[in-house]
Structures are given as structure tokens and as C-alpha cells.
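Reader: I have a model open and want to learn how to read it. Where do we begin?

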Amino acid sequence: MKLEFLGAAHEVTGSCHYLEIGDKRLCVDIGMEQGQNLFEVQAIPVNPAEIDYILLTHAHIDHTGLLPMLYAEGFRGEVYATKATVDLCGIMLRDSAHIQQFEAEWRNRKAQRAGREPYVPLYTMEDALGAIQLLLPCEYDCEICLCDGISIRFTDVGHLLGSASIEIFATEGKEKRTIVFSGDLGNKNKPILRDPIYTKHADYVVMESTYGDRLHGGASDHVRELAEVIESTFQRGGNVVIPSFAVGRTQELLYFIRQIKEQGLVKANPDFEVYLDSPLAVDATNIFGKNVEECFDEEARELVRKGVNPIGFKGLRLSVTSDDSKWINLDMKPKVIISASGMCEAGRIRHHLKHNLWREESTIVFVGYQSQGTLGRTLLEGVPSVKLFGETIEVKARIVKISGISGHADKKGLIDWACAFEEPPSQVFVVHGDDQVCDSFATCLNEEYGINASAPYSGSIFDLIRGEYTVVADPVRIRKKESAKRRAMDIFERLVAAGERLLVVIRKNKGLSNKEAAKFTDQINSLCDKWDR
């Protein structure tokens, strides 16, 4: 019984952990890296076709975004997640595939002119649709048997619609272990979603540490703070542009703006229009409406019972088509524009930045975490100009960050969760945090709370029976890695993966009748004859 740390080890994105329990292989999360990464990430140590199960803590792409790539490489196992996570993955993985293919088309136009090899996307829409078909929806708080010796349970942690910590109850021979993966832990007293629910028992815990070095501060009045930004911007005649994650943060913003309008906090233009310019955000908002009873907190459910849409209001305009999006910047009337992506790395937000960054009267409002190396972080750091669509744009707009609007627990929230176990776990593994944050938070748990904690690097392996590391990996820093090479899957590697999958399929079919085995053999030989040059 072993646990191997792969993604989000001393980094904030790309979550992935690999487990072997008896003869079963499973991954908890299979996320895409986003922004700038410091360390090389070890690959899953087996062919994807050999993985039996994948468990998803929530739908964010840095926890799910490589699932279609695994499908392309031959994974056909079962994927377990909460019902809301399954719903959200259905739109988010398709959106990610669209982005992959769009980027490949753009790069290939340039490559063709330069005589370079074609760029291969991480995966296609067909891969995303295939992966979505493997998703199995689960209820919160129900123990689910995957097979003899392995069962799981999802517990709401209030980070995102459908987000969960996952308990894995593992048996190997006479040995039993409970391994808990925190997923991303949510903030307390946030709108719409329930507060995190604590888990009481665990032998081992893998927990995030995104904000393990800071506190969000006292209770902030985000409604009034946002209203003041909108008011002052409208008085100058500008737009309020909010880069926002399409799923989660956008719906929270709509909740705040509904309150702003109800309370009449914007005097300059009380009937102001809000443009939600993200097809993904529009679809996600609809999914929020379908998961009220399972995921909403009591305040939001009470609004629904009264017939009030918690995230809807007069003046909300949904922009779906590209023509809708273009029209927004042709209309010079002051407005609020909410668009993805939240870190400004892709999507329609970049067009809105192009049209507003140079305007002194406009305001760009950041309401979420900005990874190192992203355009969002660059703007927050005060860069005088940026390049968008090949054009240099001066940054004259007001840049504002509203702190504390976070889907992640702060240091106190993380400690509260870690200390809620009735008995301290044998080991807490600290992941999903910046390099120094992982170490400092593990030290905090050890020295201040008496909890045995460590912060493993990618490639480290822990024996869950013996309770010790069998491999302690050293950090391997990225020296030079082209973005295209990091994100693209080489065509020949895909061919090799397909060949390895064939071997896995052959072994799974041990016991075929002589007639079926002979037919299968003939088909393989025929394929080999065609390509054996």
C-alpha cells in the first residue's frame, strides 16, 4: 500500500496523487498546471490504461484538467466525484478542450508559415467527451465501495459547488488504513456555499496549504467595498472590468452585486448593467441553480424558497456568442464586465483588458489568487504596459485588488481543519502551496500543534503500511522549458501509449476462448504487418 506524490508538490496547481492498494491503482485528482512552475513533475508511474479509478475532489481545471489527456492515452477506468462536480466537469472539460484546440490551430498557422513541426494539443474535444462519459456521480456523506478492500466517502468542504474532501478506506491483507485528501478547503461564512465540514478520523492526511502563510483578515464588507469601486468608476465614466474564474468566483460576485442593487449602494447609476461575458460562466451559473439543496447554505436556500434568485438581478446581461462579446466594447455606457479567465491567461477577458487598460477612467478589479507568471499577477505588480494580441497597451486604468474574496481557507481555517481530527493522524502531508509555504505550514503544524507533518516533493513515495518514506525525492527545478513543449503531447509518445495500452488490454483478456484469442491475434498481426516497414 503506497502513496506517491506527483503534482502540486511545493506548487499550487496541477494536483495529482497516485495510490496503489493491493492490486488496484488509483489517482486522486489529475490536474493541469497553470502559471509558472518551479519544479519538474513526475509522471504517473504506470500506463494510464492500468489505472483502475480516479477520484476528483472538485471540478477546477488544476484538479481535473488532464483527465481527457489520460483518456487519450488509454485510461478507461471509473471516475468518481460528487454530483455537482460531475455536472461542472461536463462543461469545464469541454471548454478546456476547446481552448487546447484553438491554441493548436493558432500555433499551427504560425508553424506552417515558419516551416516548423505542427503543434499537437494536449487533447481534443473527442477526448474530453470520452472522459466525461467515465464520470460517476456520488452523494455526499455516503460510503461507496469501489471493490473489495477499497471504499470512499465525499465530505463537503465549501470551496466550490460540489467540492469535497475524500476519505479512502483501504484494506490490504490484515492491514487497514484511512487516507484523507482535503482537496481545496473553503472559507467560512461565505455566500452561497456551506461552511467546510470536518473529518474526524484518519491515519494519513494529504492537505492543501494555498494560504498557509497568511490570514484573510477580519470580516470584510465585500459588498460595500465593491460598490465603492463601481460608484467611483462610473463617476469617472469608465468600466469596471473583473477578471473572474468562471466557476465559483463569478457566482459569488453575482451574489454581491444583487445585494448592491437591492441596497441601492451605487448612486451614479443605480440601474447599471452587468455583462457576464463567458459561455462557461453562463453554463456554470445554470448548474448552480440545479444544486441548491445539496450545496447551498441556509441563507441562499431561504432566498430560493422565497422565489429570489440569489445570483440573478435586473440588468444582468449574458454574453454567449463572440458577436455579443464584441458589442460590449462598442457600447461606451459605463458598465460592469465580468469575464474569464480569472488570471487573464486566456479567454475573452484579454479583449476587455485591451479595450480598457489604457483608459484612465476604467478600473480593473482582481478578486482572486494570481499565480506567479500570469498576466493578472503582472498587472497587480504595477507593470507600465502589457502586450495583448501583438499590440503594446499602456496600463493607465486603476488596478484594484479586493482581498479576502477567496474560495480557500486561510491559515487559521487550515489549522482548524487539521486540528479537528479526534486523534492526530500519523502523518500529515502538506501540498498545494507555494514552495516556502508548504515548508512553513508543515513546520507550524509540527512545532505549534504537535502534528507530525512533512512537505514532500514530486516523486516522493510513502509506504502506508510501514509508515515511512521509501523514496524521498529532491526538488528538480525547471531550468528552461518551452511552453509549447510543456503543454503539448508528442504524437509519437501518444503512439507508444497506445501500444502499451494494447498490452494491458491483452492481459485483461486472459481466459478468452481459443477462437476469440485467435481472432484477436490475427487482428494484431494484421495491424503490425501494415506498419512493420
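Author: Start with one cysteine. This is a predicted model. Cys-138 has a relative accessible area of 7%, so Cys-138 counts as buried, the cut-off being under 20%.

Reader: Is Cys-344 buried or exposed?

Author: Cys-344 is buried, because its relative accessible area is 0%.

Reader: Now the rings. How many aromatic pairs are found?

Author: The whole structure has 12. Two numbers describe a pair: the distance between ring centres and the angle between planes. Take Phe-429 and Tyr-469: their centres are 6.1 Å apart and their planes stand at 85°, so the pair is edge-to-face.

Reader: Which parts of the chain does the pair link?

Author: Distant ones. Phe-429 is in strand 20, residues 427-431, and Tyr-469 is in strand 23, residues 468-471. The two residues are 40 residues apart.

Reader: Are Phe-429 and Tyr-469 buried or partly exposed?

Author: Phe-429 is at 0% relative accessibility, so it counts as buried. Tyr-469 has 25% and is partly exposed. Tyr-469 also pairs edge-to-face with Phe-462, at 5.0 Å between centres and 90° between planes. Phe-462 is buried, with a relative accessible area of 1%.

Reader: Which residues form the aromatic cluster?

Author: Phe-5, Tyr-204, Phe-429, Phe-462 and Tyr-469 form one cluster.

Reader: What about a charge over a ring?

Author: Look for the charged end of a side chain above the ring face. Arg-76 places its charged end over the ring of Tyr-71, 3.6 Å from the ring centre. Arg-258 lies over the face of Tyr-255, at 4.9 Å from the centre of that ring.

Reader: One last feature. Where is Gly-407 found?

Author: In a loop, between strand 19 (398-401) and helix 13 (411-418). Gly-407 is at 12% relative accessibility, so this glycine counts as buried.

Reader: Which residues does Gly-407 touch, leaving out those up to four places away in sequence?

Author: His-159, Leu-185, Gly-186, Asn-187 and Arg-249. Sequence and space can be read side by side here. Gly-407 and Gly-158 are 249 residues apart in sequence, yet their C-alpha atoms are 7.9 Å apart in space.

Notes: Residues are numbered from 1 along each chain as its sequence is written. This is a predicted model: local features need pLDDT of at least 70, side-chain atom pairs count only at pLDDT 80 or more; totals for chains, interfaces and linings use all residues. Side-chain values use heavy atoms; hydrogens and water are left out. Rings of Phe, Tyr and Trp (its six-membered ring) pair if their centres lie within 6.5 Å; planes under 30 degrees apart count as stacked, over 60 as edge-to-face and the rest as tilted. Helices (H or I, at least four residues) and strands (E, at least two) are DSSP runs, numbered from the N terminus. Buried means under 20% relative accessible area, exposed over 50%, partly exposed in between (1.4 Å probe, protein chains only). A charge sits over a ring if NZ of Lys or CZ of Arg is within 6 Å of the ring centre and within 35 degrees of the ring normal. Contact means heavy atoms within 4.5 Å.
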